[in-house]
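Please open the model in your viewer and keep the selection tool at hand, as this tour goes from one place to the next.

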Amino acid sequence: MTRAIDIARAVDEQASLDTLAEMVRQKSYSETPGERVLAERMVEIMLGLGMEAYLMPVEAKRVNAIGIWRGTGGGKSILFNGHLDTNPVTEGWTVDPWGGLVDDKFIYGIGVSNMKAGDASYLCAVRTLIENGVRLKGDVILTFVIGELQGGVGTLAAVNAGLRADYFINSEPSDLMAVTMHAEAFTFVIELQGITRHLSKREHAVDAIRAACDLIPELTDLTFSDAPTEEHRSINRVHVGTIRGALGREFHEWRPPQVADFARLTGSGRYGPGQTEENALSDIRKLLEGLMARWPGLQATVHTQKSAGRPIMPAFQVARDSRIVTSINAAYLAIRGEAQPTGAITPTGYYGTDAGHLYKHGGMEGVVCGPGGRYNTMPDERVDIPDYLDMIRIYILTICDICELQ
């Protein structure tokens with residue numbers, strides 16, 4: 001451990017910032033050619049370090065970048081996972097989203113938090129170890145995937161291609177906290193059918209818009225009845241994202257003097273490992289039954305909505321005493337001098353991440369832990385420089401512990 005700590009403390013900070021800045025400058029919007037350009041660059045960098053590296057086909061011309069640093073044998077292996085694709089730039093930026101700007105506190109850019117800082121952290125951790133002449137017993141696998149924003153198609157392709165390790169770290173932004181559980185998501189559509197009247201007779205109507213307004217607070221407060229523990233319940237959440245009401249299913253909006261007889265709400269729910277979508281829908285239906293009792297004559301239904309051809313990100317969990325969790329906890333303590341926050345920590349616990357595919361379809365134990373988070377998906381997206389550099393150091397110690405120094 002002493003040698004690993006010395007190496008971690010000797011991380012080349014400027015080179016690490018330069019690497020991340022270069023990644024930020026590559027415009028890698030999801031489902032655009034820029035994804036492939038950045039993936040090709042990641043392969044080039046890994047080959048330059050002496051690693052095995054290649055592009056893995058995903059769909060059409062979209063590819064993952066995969067790198068393997070082979071160990072000498074006898075140690076456990078670890079797989080790092082992060083996505084290269086980013087959200088688009090929104091309004092309100094005051095710096096160049098692709099400038100890779102670094103000041104005395106932050107590094108800025110679209111996707112720097114979600115999640116190029118995580119990608120760069122494990123790349124720089126491996127580079128630091130290689131440049132310091134380290135040999136490991138176990139393999140280190142680096143996966144830079146695309147399509148996380150389309151349900152994790154890149155990671156699912158990697159898993160389906162047979163990539164496996166004893167443990168994994170998904171580097172989604174968690175502000176360096178060790179997230180041991182996150183939710184699975186589903187999209188729902190609720191339709192409310194009332195009875196219209198002219199506003200002069202609204203006392204005899206059943207107003208679908210008012211009924212929707214009555215329902216939304218109940219949905220917002222809902223947790224699901226099949227949560228096996230309070231920790232599971234802590235990542236249950238229901239959110240209504242859109243609401244539309246007017247006359248009829250065609251939403252005729254030119255007759256505002258009439259009471260709206262139809263409303264449609266769309267939203268998203270989150271439930272933990274071991275919980276089910278079927279039970280979640282059953283709990284929502286119970287709310288709808290109560291709503292119909294309060295609003296005689298109202299008809300209310302709910303159904304789910306799937307994205308055609310796209311996978312669902314599964315829920316994820318790992319025991320707090322798993323070796324990967326205790327290893328990264330020990331690394332955090334060694335670098336920061338305090339205990340690492342660990343558990344089903346929100347807001348990360350509400351996310352869907354590629355950890356779900358690695359856990360469910362890959363059968364691997366792992367943890368979600370990465371830099372960034374507090375300035376995620378917002379104008380002037382940025383990452384604290386100390387967090388980014390400490391993440392590299394924590395990954396170095398975790399790699400050395402899991403894979404074992406030769």
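Begin at the second largest pocket, which has a volume of about 190 Å³; a pocket is an open set of points, on a 1 Å grid over the protein atoms alone, where a 1.4 Å probe fits, with protein on both sides within 12 Å along at least five of seven lines, and lining residues have an atom within 4 Å of a point. The volume is the space filled by probe spheres set on the points, which are joined across faces, edges and corners.

This is a predicted model, in which local features need pLDDT of at least 70 and side-chain atom pairs count only at pLDDT 80 or more, while totals for chains, interfaces and linings use all residues. Residues are numbered from 1 along each chain as its sequence is written, and side-chain values use heavy atoms, with hydrogens and water left out.

To see the lining of this second largest pocket, select residues including Leu199, Arg202, Asp207, Pro256 and Trp295.

Next, go to the largest pocket, where about 660 Å³ of space lies. Of the 26 residues that line the largest pocket, select Gly151, Ala185, Arg270, Met313 and Gly352, which lie nearest its centre. Now colour domain 1 (1-182 + 315-403) and domain 2 (184-304): both give residues to the lining of the largest pocket, so the pocket lies between them, the domain bounds coming from an automatic or database domain assignment.
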